[in-house]
Amino acid sequence: MTGSLEDGTLDPVGAVPVTAPEAAGSKVRLPLVQIDDLKTHYPIRAGILRRVLGQVHAVDGVTFDIRRGEVFGLVGESGCGKTTLGRTLLRLEKSTAGSARFEGEDIFAKQGKDLKQLRRRMQVIFQDPVASLNPRMPISDIVGEGMLAQADAKNGWGKRSVRDKRTGDYLEEVGLRREYARRYPHEFSGGQRQRIGIARALALSPDFIFADEPVSALDVSIQSQILNLILDLRERFDLTFLFVAHNLSVVQYLSDRVGVMYLGKLVELADVEELYRRPLHPYTVALLSAVPDPDPRVRNKRLVLTGDVPSPVAPPSGCRFHTRCWLRERLGNPENCTTIDPEFRSIGEGHQVACHWAEQVPMSVVAEAVPTVDATTENPAAVAAEETPYEPPVVPDASMDGPTAPAV
Amino acid sequence: MTIESTYGSRPARVGPPPSDVLLEVRGLRTYFKVLDGTVKAVDGVDFSVKRGGRLAIVGESGSGKSVTALTIMRLIDQPPGQIVAGEVWFDGRDLLTLPISELRKIRGGEIAMIFQEPMTSLNPVLTIGDQIMEAVLLHQDVAKSGARDIAIRSLTDVGIPAPERRVAQYPHELSGGMRQRVMIAMALSCNPKLLIADEPTTALDVTIQRQILELIKEIQDRTGTGLLLITHDLGVVAETVEDVVVMYAGRVVEQGTVEEVLLGARHPYTRGLLNSIPSKGKRGHRLAPIRGTVPNPFRMPPGCTFEPRCPYAWERCVQEEPALIRLGSGGASRCWIHDPSSRARLDGYDHDTEVLPT
């Protein structure tokens with residue numbers, strides 16, 4: 001799987017055994033979702049023959065686990081592939097390569113009855129509460145539709161009365177009135193519609209919910225109501241979330257662990273506290289630095305990234321972030337950044353980062369740029385390197401006169 | 001910024017404001033008469049921007065912040081819209097009484113505007129250069145080649161690489177951040193005295209938002225242009241402007257400096273907004289959201305518009321609408337909690353509530 005796993009090191013936080021799922025023994029210790037080198041590419045077709053001209057590398061080799069009962073936050077800017085990743089897990093998009101397991105079983109191999117069962121257990125809350133509810137259906141049908149599709153002899157969801165009872169129950173669960181089941185989507189405000197979307201997902205008793213930017217279309221005062229609701233429901237129904245958002249404050253508030261994506265790849269993953277206290281990847285640092293703080297006393301020195309996100313059709317060679325990287329510039333543009341794709345490696349305490357030069361990140365600079373970072377923080381990668389030294393990969397056949405090329 | 005009390009309905013000043021005030025909006029009311037009734041989108045808004053000053057109007061959707069900006073430029077479709085009352089003093093003239101021919105010279109010239117969605121505000125069938133030159137040719141006495149030079153220079157000013165090539169490109173060839181830079185270049189090409197930016201970064205990613213905010217501030221510092229920023233994001237407010245006006249349901253509910261409003265919020269709505277934002281230190285705690293939703297514009301509460309959602313409301317708030325009350329701690333707040341007769345109710349409302357005489 002990842003570098004840390006190959007080293008055989010244990011992840012101390014979740015105490016997840018870093019072994020193959022078959023060897024894990026008990027199901028309790030198994031992560032709920034395991035994603036291994038997942039790729040989802042979209043073909044670009046043109047002309048009357050619909051010839052494939054290229055591929056959009058939406059998700060391009062992502063590996064991580066989602067633990068049972070946690071909220072895993074996935075952040076990144078538009079086009080980084082975070083939504084595609086979630087949709088691929090739910091089989092709403094077709095994967096190109098790699099694997100994903102749910103309770104140890106291959107998601108992409110499921111068919112027929114097994115797939116239907118999986119669809120019930122993995123649910124989704126969509127971003128846009130207006131577009132995701134059919135305007136011609138009353139709420140009872142919107143919430144009940146999933147149950148009808150999943151009806152069998154055991155759950156009795158084929159019966160209208162059973163479905164209506166359940167719909168009412170879950171509407172109350174999300175803070176709406178039972179009677180609202182008779183109404184239509186246009187009669188509700190944005191926040192209420194998002195509650196209906198949540199009730200629709202919950203009514204199927206899922207284990208896992210992919211929440212795709214569930215609050216980004218809402219006003220601040222409504223957004224906090226929905227965030228609180230998600231936290232309540234998670235406890236009450238013992239749910240596991242993949243929470244995708246571009247708002248870093250929201251992700252920080254809700255998540256247990258956070259993964260940062262850039263152009264189809266994970267660049268950093270850590271516990272939420274660790275990530276906001278000791279961010280290491282230059283992109284994570286820039287992202288955290290860019291968030292406007294409502295406290296006027298906070299006046300951090302901004303790390304302003306230059307340029308736009310490159311196209312995922314032809315991602316940059318080597319490290320995908322190198323075209324905008326401030327660290328690379330500081331280090332005198334080392335050659336391996338442009339030629340070697342950095343390994344997503346462990347730097348201890350469940351903290352993984354994809355950067356050749358993570359050990360060189362000056363924490364004083366990070367502390368100036370990110371208000372949540374203390375100036376006395378030590379670079380976790382540099383600390384880890386004292387025990388097991390890390391040598392950044394060297395470009396083969398390259399002359400050694402690059403300014404920061406490591407002495408060999 | 002001068003904040004005048006609007007206690008009662010007496011106008012604070014008559015005639016043009018002092019010359020150091022670039023824009024002064026007084027008692028502005030914009031209503032929309034539609035089939036179902038009248039929507040009082042803007043219902044009593046007062047504020048002013050000093051020359052070279054930076055003011056933000058902050059509010060949620062439906063608060064009337066964008067309609068306020070459009071009313072200043074008289075860009076409201078009439079009907080269904082109607083500017084019912086108010087004065088908009090800009091540089092010694094009341095824009096609401098100015099003949100339309102005079103106003104056209106100001107729009108896009110002395111007052112420039114940037115909108116939220118850069119794709120829909122640019123014309124897709126004209127090149128970037130043509131669109132910038134259109135404004136330049138309209139407002140400045142230059143020939144076409146001169147206008148092209150100005151267009152290229154303003155693209156350079158907003159940090160667009162290879163501007164000579166960009167002028168010949170169409171909007172779809174640019175990224176969202178680049179398009180917003182073009183909008184800013186267009187706005188600045190005629191050296192405006194006031195820049196109105198309506199949610200200029202809402203459609204952009206956070207790293208691009210950062211670039212655009214830095215650019216607006218840098219240009220504002222350099223040219224001395226006044227800035228009226230319309231936003232829903234208190235973070236953007238804290239980092240961009242000096243003064244804030246908080247709007248709720250068509251009314252100004254609180255105003256003051258950024259420090260006064262964001263650090264020592266006096267109005268219950270402003271406090272609720274600040275408590276709703278997930279931010280550092282709030283993890284693990286439940287957020288304290290504002291209960292309920294914005295009132296239906298056709299059925300506004302008779303008293304204070306925030307009363308149905310307010311944790312402090314009492315009978316008086318249901319019956320009577322409070323005025324904007326000037327406060328000893330600076331700024332103003334539209335809440336009965338500051339009224340001297342409500343002193344007994346102030347237990348637990350933890351701030352300086354000295355009220356200035358009107």
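**Exercise 1.** Determine which residue of E10(B) stands opposite B:Val246.

*Solution.* B:Val246 stands opposite B:Glu254 in E10(B). Here strands (E, at least two residues) are DSSP runs numbered from the N terminus. The model is predicted, so that local features need pLDDT of at least 70 and side-chain atom pairs count only at pLDDT 80 or more, while totals for chains, interfaces and linings use all residues. Residues are numbered from 1 along each chain as its sequence is written, and chains are lettered from A and ligands numbered from 1 in the order in which they are written.

**Exercise 2.** State the sense in which E9(B) pairs with E10(B), and with E3 of chain B.

*Solution.* Two strands pair if DSSP finds at least two bridges between them. First, E9(B) and E10 (residues 251-257) are antiparallel, over six bridges. In their hairpin, two residues lie between the strands, and B:Ala249 has a positive phi near 50 degrees. Next, E3 (residues 54-58) of chain B runs parallel to E9(B), over four bridges; B:Ala56 stands opposite B:Val244 there.

**Exercise 3.** Explain why E9(B) is described as largely enclosed by the rest of the structure.

*Solution.* A residue is buried if 20 or more other C-beta atoms lie within 10 Å of its own, exposed if 12 or fewer, and partly exposed in between, with C-beta atoms placed from the backbone. B:Asp243, B:Val245 and B:Met247 point one way, B:Val244, B:Val246 and B:Tyr248 the other, and all are buried. Because six of the six residues of E9(B) (residues 243-248) are buried, the strand is largely enclosed by the rest of the structure.
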